[in-house]
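This report considers the pairing of charged side chains in one protein model. Please examine the structure below before reading on.

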Amino acid sequence: MHSLSVPEPHLFDQDRLMHAVMDNASNGLIIMNPYSRCVYMNPAAGQIIGLTLDEVKTLDKPLHDIVHHTTPEGGPYPIEDCPNYIALRQNKRYQGEDIFVRPDGTFYPVSLSATRIMEDGQLLGTVVEIRDITEEKRSQQALIESEERYRRLVNLSPDAIAVHAGGKLVFINEAGARLMGASSADELIGQPLMQFVHPDYRELVIERIKKISVTNKPTEMVEEKFVRLDGGIIDMEVISIPSSDKGAFAIQVVARDITARKQAEAAIKESEERLRFMAESMPQKVFTAKPDGSVDYLNPQWFDYTGLPLTDIQDWGWKTFIHPDDLEENIARWKHSIDTGEPFNFENRFRRHDGEYRWHISRAHAMHDNQGNIIKWFGSNTDIHDLKLGMQREHRLELQNSHLAEQRKQLITLGKAKDEFISLASHQLRTPATGVKQYLGMVLEGIAGDTAEQQLPYLKQAYESNERQIKIINDLLRVASIDAGKVILHKQRADLVALIKGIIAEQASKFSERQQKVLFEPTPRTIFAVVDAGNMRMVLENIIDNASKYTPTGKAIEVTIGKAKGGVCIRVKDEGVGIAQEDIEKVFQKFTRVDNPLSVQVGGSGLGLYWAEKIIRLHGGTIEIDSEEGVGSTFSVHIPA
Ligand code: ADP
């Protein structure tokens with residue numbers, strides 16, 4: 001074994017040893033005489049102040065004037081304030097920091113200690129130790145800045161940041177304090193952590209604290225519920241990081257309030273449920289489809305209708321139940337909508353589970369995002385089968401109605417043409433018929449000379465036939481005139497008693513021919529009414545003539561007149577064949593003759609009552625019939641006063 005031989009200290013020259021130590025020291029060492037002149041400087045000091053000892057000596061100034069003359073602010077640095085000077089004069093050891101100035105004028109911080117040297121009660125000078133602390137200061141500053149940055153970051157963070165140690169809160173930032181409902185962090189610091197954790201989550205939190213203390217690693221993000229000072233509950237997203245507090249194990253917690261997000265999520269969930277409920281409770285078949293058109297949601301109504309499992313219908317499976325005649329166009333339109341985003345609208349037939357195809361109206365609309373991209377299609381399908389068939393039926397009915405209306409129009413035109421023909425023909429017939437009547441009358445009266453006895457019955461027969469013909473022509477003309485709206489009443493006060501008496505007198509020969517008794521015994525001698533006397537006379541003639549015509553030989557006819565219902569009532573009662581109830585309405589219709597035992601024998605046009613009723617109606621009155629078959633009829637004519 002070799003032993004290293006170390007020389008004993010006393011073997012060194014004490015001075016040389018001292019110099020070696022000082023020359024190799026990393027701190028600057030300066031020795032000054034009582035006049036503050038530098039007498040010694042080690043190399044480290046020379047490096048710090050930027051001058052060699054010789055240079056300093058040449059300057060021949062107190063060191064203060066070399067390294068201390070100006071403050072960084074630019075003002076003079078009085079020697080009285082110089083720590084070295086103070087140390088020299090006041091026998092005070094100075095230790096602190098100061099700022100020196102280099103020959104080039106730049107400033108630098110130094111750590112400085114100055115002590116005066118005494119020997120035998122005599123002041124020898126001072127020894128000054130300096131160290132350039134520029135780097136230290138810089139890193140100190142950097143630390144301060146970084147701490148400040150961190151502090152600001154933590155305090156201004158919108159997330160809650162807290163540190164807990166030993167089960168108590170030791171730090172919480174402003175956001176955290178606000179979130180927990182405190183007016184400042186002081187209110188919370190020192191409080192037990194568990195006070196702020198919702199009871200449902202306490203066990204979980206304890207578990208996590210244990211885990212971090214073992215693993216010394218941050219936890220994954222979790223959702224927890226916290227309790228605020230006011231008892232309110234908030235949802236938080238929390239991450240926990242191992243940390244330390246005054247050297248002890250602590251946990252830093254970064255938490256974000258997700259109450260609003262949770263509420264929004266709950267609201268979305270609720271609204272989704274509501275929509276789903278709606279979709280499932282409505283009668284329509286609804287679906288949603290992806291932007292590419294494949295169906296991704298179907299309500300259960302599809303299954304009820306098609307009998308197919310929903311999985312068979314989704315994507316493009318729905319094509320199977322579309323009527324083959326509608327499928328091609330459906331797909332073309334759907335693809336067009338998918339390409340353009342235009343709404344889909346189409347009527348087509350869907351096959352029901354029992355095989356019946358029913359008409360549906362299919363509609364779909366695209367939902368877009370903020371950029372205008374399609375994100376979803378929403379579609380509904382409504383069964384319009386019954387409606388559509390109803391509409392088709394309605395359309396058919398409409399067609400039929402328009403046919404009928406057309407036919408009616410034609411009938412009216414025909415009716416008019418017929419009326420015109422009747423009117424024209426009657427006029428043309430009347431003149432020759434009246435001529436025949438005149439000439440026959442003249443022959444019968446002997447104006448044309450004597451007529452053989454055996455010719456007379458024929459001539460009379462011809463005369464009566466001609467009479468009937470004229471009556472029919474007159475009836476036709478009257479009806480044509482009333483139908484054309486050409487009848488204008490010329491009303492004036494007339495005595496109806498006299499009018500009826502006149503009619504009866506005129507028709508007396510007919511009554512006696514039929515051996516009928518006509519009773520007319522009005523109590524008042526006169527009854528007046530405002531009427532068109534000519535037309536009123538023809539109406540009553542017709543009714544009285546009918547009473548006679550439709551009453552067998554030997555029976556009686558009774559005519560009465562009296563005031564009634566604010567007017568006058570004329571009644572013509574016979575003991576004739578009567579009219580069946582169901583025929584009563586018909587007798588007022590044009591060309592209507594109701595068959596009865598006398599109708600063939602007496603003949604007629606079926607126009608008399610039609611015309612009479614219209615004339616009475618023009619007077620504002622009515623004609624009523626009370627009749628019993630085989631017993632007789634009563635015709636009541638009411639005329640308002
Ligand atoms: P007509 O020229 O045929 O008598 P009317 O218009 O005067 O035409 O009468 C219509 C029909 O009403 C008659 O054909 C007859 O059948 C019936 N009728 C009218 N008056 C009487 C009556 N007093 N008794 C029974 N039937 C009558």
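The structure holds 36 salt bridges, a salt bridge being a side-chain nitrogen of Lys or Arg within 4 Å of a carboxyl oxygen of Asp or Glu. Side chains of opposite charge can pair when their charged atoms come close. The model is predicted: local features need pLDDT of at least 70 and side-chain atom pairs count only at pLDDT 80 or more, while totals for chains, interfaces and linings use all residues. Residues are numbered from 1 along each chain as its sequence is written, and side-chain values use heavy atoms, with hydrogens and water left out.

| Side chains | N to O distance |
|---|---|
| glutamate 329 and arginine 333 | 2.8 Å |
| lysine 388 and glutamate 347 | 2.7 Å |
| aspartate 545 and lysine 510 | 3.2 Å |

Helices (H or I, at least four residues) and strands (E, at least two) are DSSP runs, numbered from the N terminus. Glutamate 329 and arginine 333 are 4 residues apart in helix H12 (residues 324–340), which means that about one helical turn separates them.

The second pair links distant parts of the chain, with lysine 388 in helix H13 (residues 385–444) and glutamate 347 in strand E13 (residues 344–351), 41 residues apart.

Aspartate 545 is buried at 10% relative accessible area, whereas lysine 510 is partly exposed at 29%; buried means under 20%, exposed over 50%, and partly exposed in between (1.4 Å probe, protein chains only).
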